[in-house]
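This report describes spaces and aromatic contacts in one structure. The sequence and the model come first, and the description follows.

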Amino acid sequence: MSLEKRTQNSVDIVKLPEQLMMAGAADVRTELKEIISNGSGKLIIDLADTTFMDSSGLAVLVSCLQAARKKDEDVCLVHMGPTVSALFELTRLHTVFQIFDDEQGALSALT
Amino acid sequence: MKALVIDDAPDIRIYVRALLEKWGYETKDASDGLEGLNCIRESDIRIVVCDWEMPGMSGPELCRAVREAKLEHYVYIILLTGRSETPDLVEGLNAGSDDFLAKPVNAQVLQARLRVGERILKLEQQHTEQNHELRNSRDRLRKAYKLIQSDLMAAARIQRQMLPRSDNPLHPLRAAWLFLPASQVSGDSFNFFELPPDRIGFYHLDVSGHGIPAALLSASLCRALIPGGEPGIAQRQDFLEPALLLANLNRELSNPEGEIENFATIAYGIFDRRTGEGEIAMAGHPPPIIIRNGGEIQSLNLGGLPIGMFPEVAYESQKLHLDAGDKLILYSDGITECQSEAGEMFDVKRLEAVATTTTSQDLPDALRVELTQWRGSSEFEDDISMLILNRPLAKHSETTLDKNPGETP
């Protein structure tokens, strides 16, 4: 599988699939970790298409955050839908990640 | 390579043998079919040059006997014959001969036919060796698989021992539960215990992922959650303060350097068994449901970071109260996220519907039936578990409120 990715002002912007669950999580994790290690470490994850995420999906996002922060950079999440948003509130991960409504906000936070 | 010459005529025997010896074969001879057959059985003969017509056992009969003997190696048989009619050739081939050579024997043709035989034997040899290797690796795989299976079964046994056996420790509160691991070893676990003099503690946890790594984390969490179980993790008095217990557990299980692979969501709480007063803290676990005696549903939506992600995390706790007839339901997301064949999730609404129309003690079975129907199979993608605590009405009878099976979705 390949994620939709582009780079703007040295920030990597990646769109996640419709569902991020146990079955596909390992591949997404590998791909995102490569993007972080090959790029600047600044990453925007676009969740516009992502309608569902389970705990394995959360683990992927948190491991990205850890990898980016090891490079003293950060991960921002954008376009989070209501289901994923509820999961983030339940797990309090909205207090850990920077979350933005749109890409512009995330870009100015990272650059 | 060992070759055998069978002919009742001594001159042909000697001539053919001499040719074969010259071409480098190790040879033997026999003067009739039976003697030849014994020789083939006893020595490692790979090529046979055999006369068709002999007293006693004929060439084709010998071929048949060799093929029926199921020898370890293939034996390549060339029949010497003056016959060239089609029915004769068919008879010889059907009997199991590989080739023919016309009499009188022409040395060049014999040598060429022997080379064909050697090529075929070489292929057969390679084939046998490959088969042998395949069989060996298959046996090794089987052995390894068996070992993994037995380890998994041992792990599953240990894990089951960490689940409650009876709800006696809760008395007069009661408990019921459902446990359906997705693979043999589950990431879900739950239990309860006495906290003397008057209180009880309970937990329900779900480790992300499943299989062995999830089960290992689940097992170490369970050990840490037994009061006085693992020294160094939970201090005894933690058990009375749910938020503090989760913070301590999280500190112990987070590795600030390591990459997160597995983490756990937990609900941990305590109850005073006489008054039903309690307190609960949650680490990213699905919101427990309280169903009141009258059927009213309350959801305990108390967030918290999962255990094992970040080292320094504070948790909040919330007071709760179980009146007579109330029940508290803790469950893993394997239930609410259980997908039907069409991909629709079971959802908390369906769980609540089953829970409000079923008594605590009947709920595990009722939910198992509902989920199996929903899924269209008894194989689940994620671990399914549920712990129900309830405070019975007097004489342990729970009201069977609105018990109308038609309402069940």
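On a 1 Å grid over the protein atoms alone, a cavity is a set of points where a 1.4 Å probe fits but cannot get out, whereas a pocket is an open set with protein on both sides within 12 Å along at least five of seven lines; lining residues have an atom within 4 Å of a point. Points are joined across faces, edges and corners, and a volume is the space filled by probe spheres set on the points. The model is predicted: local features need pLDDT of at least 70 and side-chain atom pairs pLDDT 80 or more, while totals for chains, interfaces and linings use all residues. Residues are numbered from 1 along each chain as its sequence is written, chains are lettered from A in the order in which they are written, and side-chain values use heavy atoms, without hydrogens and water.

The whole structure holds 2 cavities of 30 Å³ or more. The second largest cavity has about 50 Å³ of space. Its lining includes A:M22, A:D54, B:D333 and B:D382. Helices (H or I, at least four residues) and strands (E, at least two) are DSSP runs, numbered from the N terminus. α2 (55-70) of chain A and β8 (199-207) of chain B each supply at least two residues of the lining of this cavity.

Ala, Val, Leu, Ile, Met, Phe, Trp, Tyr, Cys and Pro count as nonpolar, Asp, Glu, Lys and Arg as charged, and the others, Gly among them, as polar.

| Space | Volume | Lining by class |
|---|---|---|
| Largest pocket | about 700 Å³ | 13 nonpolar, 9 polar, 9 charged residues |
| Second largest pocket | about 330 Å³ | 11 nonpolar, 4 polar, 6 charged residues |
| Second largest cavity | about 50 Å³ | 2 nonpolar, 4 polar, 4 charged residues |

Of the 31 residues lining the largest pocket, A:A86, A:L87, A:L90, B:P287 and B:E337 lie nearest its centre. α3(A) gives the largest share of that lining, 6 residues. In the second largest pocket, α1(A) gives the most, with 4 residues.

Over all chains there are 10 aromatic pairs. Rings of Phe, Tyr and Trp (its six-membered ring) pair if their centres lie within 6.5 Å; planes under 30 degrees apart count as stacked, over 60 as edge-to-face and the rest as tilted. B:W52 and B:F100 are stacked, at 6.3 Å centre to centre and 25° between the planes. Both are buried, meaning under 20% relative accessible area.

Note on methods
Buried < 20%, exposed > 50% of the residue type's maximum accessible area, 1.4 Å probe, protein only.
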